[in-house]
Amino acid sequence: MIFSEINNLFLHLRRAKSILRRYFVTNGFDGAFTMLGLMAGFYSSNRVDIAVALSASLGTAIALFMSGLSSAYLSESAERRRELYDLEQALITDLSQSDYGEASRYLPAVVALVNGLSPLLISLLIMTPLWLSILGFNLPLSPFLLAILIAMACTFLLGIFIGSISRTFWLWAGLRTLAIAILTISIILLFGAKF
């Protein structure tokens, strides 16, 4: 009985994978570009202590996680409840104990986890040079510059992932997102140099 319920849940998850992909990419970009903006700002100011920057970046990453987790859970659970209610009204039956009803309760949590974890994990990856600098590692470049390069690599990889979803040429898809990252950095550095 339990195996059957788990199997049915996985079937619903497989059907919802396009939603999960969208949330992963959308919030992954939010994490990458937020960190890119922070690191470019820290780099252009040339006056920010690494420990302060790491603390600010970690706080931002946690805020992105909580925002992604709560917003996705609230919106998805509302949508799923609405769909379940509409289906129950059409069929004139209670579906709360059905597979569809179970999925309506579990899927919002899974979507919320993907939505929250994608910017958090990408942000933590981008912050790696700051951690290494605090731990005393001798880095070949400024920790902020290395973090910017990692953020750009993350946006490029997310672009490749988008290309694989849309079945377009992976390099073109990656270069498009990288161009957006470069434009973002250019704007930040242009305005940052004025202050």
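Predicted model: local features only at pLDDT ≥ 70, side-chain atom pairs only at ≥ 80, totals over all residues.
S118 is located in helix α4, which covers residues 99–126. The relative accessibility of S118 is 4%, and because buried residues are those under 20%, S118 is counted as buried. When neighbours within four places in sequence are set aside, the residues in contact with S118 are Y23, F24, N27 and G28. Two of these residues also take part in polar contacts with the serine: the side chain of S118 reaches the backbone oxygen of F24 at 3.4 Å, and a polar atom of that side chain lies 3.4 Å from the backbone nitrogen of G28.

V48, by contrast in its setting, is found in a loop, namely the one between α2 (17–45) and α3 (50–91). With a relative accessibility of 25%, V48 counts as partly exposed, since this class lies between the limits of 20% and 50%. Apart from neighbours within four places in sequence, V48 is in contact with F42, A53 and F144.

Aromatic rings were examined across the whole structure, where the search finds 4 aromatic pairs. One of them is formed by F169 and W170, whose ring centres are 6.0 Å apart and whose planes make an angle of 55°, so that the pair is classed as tilted. W170, a member of this pair, has a relative accessibility of 45% and therefore counts as partly exposed.

Technical notes: Residues numbered from 1 in each chain as written. Heavy atoms only, no water. Helix = DSSP H or I, 4+ residues; strand = E, 2+ residues; numbered from the N terminus. Buried < 20%, exposed > 50% of the residue type's maximum accessible area, 1.4 Å probe, protein only. Polar contact = N/O pair within 3.5 Å; in protein donor to acceptor, adjacent residues only side chain to side chain. Contact = heavy atoms within 4.5 Å. Phe/Tyr/Trp six-rings, centres within 6.5 Å; stacked < 30°, edge-to-face > 60°.
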